[in-house]
Amino acid sequence: MFERLNTPEEAFNFQLGAALKMEHTVLEMLDDLIEASQDEKLKKLFQEHRRETEQHVKNVERVFETFGWEADDSPSPIIQALEKEGKSSIKKSDESFSDAIILQSANETEHHEIAVYENLIINAEAMGKDDAVALLRENLEQERKARELVEQALREVVAVTPKQPVGRV
């Protein structure tokens, strides 16, 4: 799309496209987490967040509209790396603690999403785009709530995960 970002608007458009790519990737990640989760409560948590994420995609597309831009994905290498790392860790983990690994991956992803939306909001505010800010804030608040729920679930799962001494193999 852009070889070089020459204006703040182009940079924002690019970042917004990366957020769109991020949300599409998160939908795929959530499908994987739902399938991999052992606990039904976790499956429900991820299913609910998947529904929210579908709305996040729509909100980001609406932000493009508020600027009069066509919605377009931009590369999002960080979310792709988080996806790859999560899949690898889950695949390597024993089922007895795989839910903890799943939740750790989800927690890292939520932190990234929160940072993305905070940056977008700051820039949209600077451009005086209150309608875009409102849509982005909606996504941000849901991401913050999701992070809280994931963190709470992680604390609960880790507390009951059987502990084994760490030793050399």
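Modeller: In this predicted model, a residue counts as buried when its relative accessible area is under 20%, and as exposed when that area is over 50%, with partly exposed in between.

Biologist: Are Phe 12 and Phe 67 buried or exposed?

Modeller: For Phe 67 the computed relative accessible area is 17%, and the limit for a buried residue is under 20%. Phe 12 falls in that class together with Phe 67, and the term for both is buried.

Biologist: How is the aromatic pair of Phe 12 and Phe 67 classed, stacked or tilted?

Modeller: The structure holds three aromatic pairs, and in the one formed by Phe 12 and Phe 67 the ring centres are 5.1 Å apart, with 40 degrees between the planes. Planes under 30 degrees apart would count as stacked and those over 60 as edge-to-face, so an angle of 40 degrees makes this pair tilted.

Biologist: Which parts does the pair of Phe 12 and Phe 67 tie together?

Modeller: The two residues are 55 residues apart in sequence. Because Phe 12 lies in residues 8–36 and Phe 67 in residues 40–67, the pair ties together helix 1 and helix 2.

Biologist: How are helix 3 and helix 4 oriented, roughly parallel or roughly antiparallel?

Modeller: Helix 3 (residues 77–92) and helix 4 (residues 98–126) pack with their axes 9 Å apart, at an angle of about 175 degrees. Since angles over 145 degrees fall in that class, helix 3 is, relative to helix 4, roughly antiparallel.

Biologist: How many charged residues does the contact of helix 3 with helix 4 have?

Modeller: Helix 3 contributes residues including Ile 78, Leu 82 and Glu 85, while those from helix 4 include Ile 101, Glu 108 and His 112. By class, the contact has six nonpolar residues and five polar ones, and the number of charged residues is two.

Biologist: Which residues does Leu 45 touch, leaving aside those up to four places away in sequence?

Modeller: Leu 45 is found in helix 2, and at 18% relative accessibility Leu 45 counts as buried. Beyond its neighbours in sequence, Leu 45 touches Leu 149, Val 150 and Ala 153.

Methods
Residues are numbered from 1 along each chain as its sequence is written. This is a predicted model: local features need pLDDT of at least 70, side-chain atom pairs count only at pLDDT 80 or more; totals for chains, interfaces and linings use all residues. Side-chain values use heavy atoms; hydrogens and water are left out. Rings of Phe, Tyr and Trp (its six-membered ring) pair if their centres lie within 6.5 Å; planes under 30 degrees apart count as stacked, over 60 as edge-to-face and the rest as tilted. Helices (H or I, at least four residues) and strands (E, at least two) are DSSP runs, numbered from the N terminus. Buried means under 20% relative accessible area, exposed over 50%, partly exposed in between (1.4 Å probe, protein chains only). Axes are lines fitted to C-alpha atoms, for helices over the stretch in contact, and angles run from 0 to 180 degrees between N-to-C directions. Angles under 35 degrees count as roughly parallel, over 145 as roughly antiparallel, 65 to 115 as roughly perpendicular and the rest as oblique. Contact means heavy atoms within 4.5 Å. Ala, Val, Leu, Ile, Met, Phe, Trp, Tyr, Cys and Pro count as nonpolar, Asp, Glu, Lys and Arg as charged, and the others, Gly among them, as polar.
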